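Subject: Structure for you to look at

Hello,

I am handing over the structure below. My notes on helix packing and salt bridges follow it.

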There are 2 protein chains.
Amino acid sequence: MLGVKPGAPLNAAGKTDAERLRGDLDQYMADRGLRSTEQRRAIIDAFFDSTEHMSIDDLLLRVRSEDPRVGYATVYRTMKMLTESGVAHEHKFGDGFTRYELGDANTHHDHLICLACGSITEFEEPLIEQLQERVALRYRFLVQEHKHELYGVCEACQKKPA
Amino acid sequence: MLGVKPGAPLNAAGKTDAERLRGDLDQYMADRGLRSTEQRRAIIDAFFDSTEHMSIDDLLLRVRSEDPRVGYATVYRTMKMLTESGVAHEHKFGDGFTRYELGDANTHHDHLICLACGSITEFEEPLIEQLQERVALRYRFLVQEHKHELYGVCEACQKKPA
DNA sequence: ATTATTGCAAATATTTTGCAATAAC
DNA sequence: GTTATTGCAAAATATTTGCAATAAT
């Protein structure tokens, strides 16, 4: 259990979400004969180690600090694999960069995006999800995914001098 | 009052939303010495006449059916002007195209996007907006705009044979 | 020995921009 | 007559892809 943050929440099986997702990924790759390369391992490590919402450039920067010969295309291809396996989720917050976060199927959350500093905060509000389901029912719309994002100014940026 | 749909809802001043927005636009353009050209008039007419959520290509197609010599760049530039004046709102629903709708400052609505046929339905749910404000308060976040979109399958597409 | 993967460069796709020609004021 | 606007082509931006070389199985 090296590299696991002390105090990370454990689930019933005694594993962190990240550990479970890594297991899912190994399974996914094994199932279709995908290979574990040095580059992939480096990118996947960078992704799992990161504070969330990394862009391709963020990831590449990190990975290249250890191994400068990793190419853009490999990062794109690896993150596409993670997305398709459900291990990562893609987000487009409107700054032109696709960002990735851990694909936690169980805990759904939405986002507050600060237009001043770019910081991204997660929020959960089950009552909104509930009302959302009611809206879907009203239109007999089958929801597959949703996006709920509030854009504005975070607390810290409000306090900064103009 | 030519070209106004019969039965369109009128506001206090006896004008439709579209009429009011056209007035706003005239004001906006006059204020900064922007000129009324044939191309702009054609694009603006196409935009106002349209069922909502037109892409640049949709607009260009319409405009070119009347005047084939209008260029892409002019449509982009005109829609940017409409967006900056608040007369149009931009949306990116994830299919790679920016779409535009009438910028109705008073009636806020959100969207259901069908992934099968691409249709876009608007919905309003004041209770969600209310809860959203509460979330913002909880994080002391100053909301400037928001995006709430449900992606899935619309009623019509659910009924279609697979 | 196979075949998935890599890195590069070229291709895509959408939007933006420089500039000379044109048209609105 | 000024100066905003147009249309074109080229640039910019983010992402994808073809392909020969490489590396994992």
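H5(A) and H5(B) run roughly antiparallel to each other, because the angle between them is about 160° and the cut-off for that label is over 145. Please bear in mind that this is a predicted model.

Helix packing

The two helices in question cover residues 126–138 in chain A and residues 126–138 in chain B, and their axes are 10 Å apart. H5(A) and H5(B) cross with a left-handed sense. On the chain A side, the contact is made by Leu127(A), Ile128(A), Leu131(A), Gln132(A) and Val135(A). On the chain B side, Leu127(B), Ile128(B), Leu131(B), Gln132(B) and Val135(B) contribute. Sorted by class, this contact between H5(A) and H5(B) holds eight nonpolar and two polar residues, with no charged ones.

Salt bridges between the chains

Over all chains, the search of the whole structure gave 16 salt bridges. Two that join the chains are described here.

One is formed by the side chains of Glu125(A) and Arg138(B), at 2.6 Å from N to O. Glu125(A) sits in the loop between strand S5 (120–123) and H5 of chain A, while Arg138(B) belongs to helix H5 of chain B, so this pair joins two chains. Buried or exposed: which is Glu125(A)? Glu125(A) counts as buried, at 12% relative accessibility, because the cut-off for buried is under 20%.

Glu155(B) is partly exposed, with a relative accessible area of 29%. Arg140(A) has 54% relative accessibility and counts as exposed, because the cut-off for that class is over 50%.

Salt bridges within chain A

Arg20(A) and Asp24(A) form a salt bridge in which the closest N and O atoms are 3.9 Å apart. Both residues are in helix H1 (residues 17–31) of chain A, four residues apart, or about one turn of the helix. Arg20(A) is partly exposed, with a relative accessible area of 24%, and Asp24(A) is also partly exposed, at 37%. This pair belongs to a network of salt bridges that links Asp17(A), Arg20(A) and Asp24(A).

Regards

How values were computed:
Residues numbered from 1 in each chain as written. Chains lettered and ligands numbered in written order. Predicted model: local features only at pLDDT ≥ 70, side-chain atom pairs only at ≥ 80, totals over all residues. Heavy atoms only, no water. Axes fitted to C-alpha atoms, helices over the stretch in contact; angles between N-to-C directions. Parallel < 35°, antiparallel > 145°, perpendicular 65-115°, else oblique. Left-handed = near helix turned anticlockwise from the far one by under 90°. Contact = heavy atoms within 4.5 Å. Nonpolar A, V, L, I, M, F, W, Y, C, P; charged D, E, K, R; others polar. Salt bridge = Lys/Arg side-chain N within 4 Å of Asp/Glu carboxyl O. Buried < 20%, exposed > 50% of the residue type's maximum accessible area, 1.4 Å probe, protein only.
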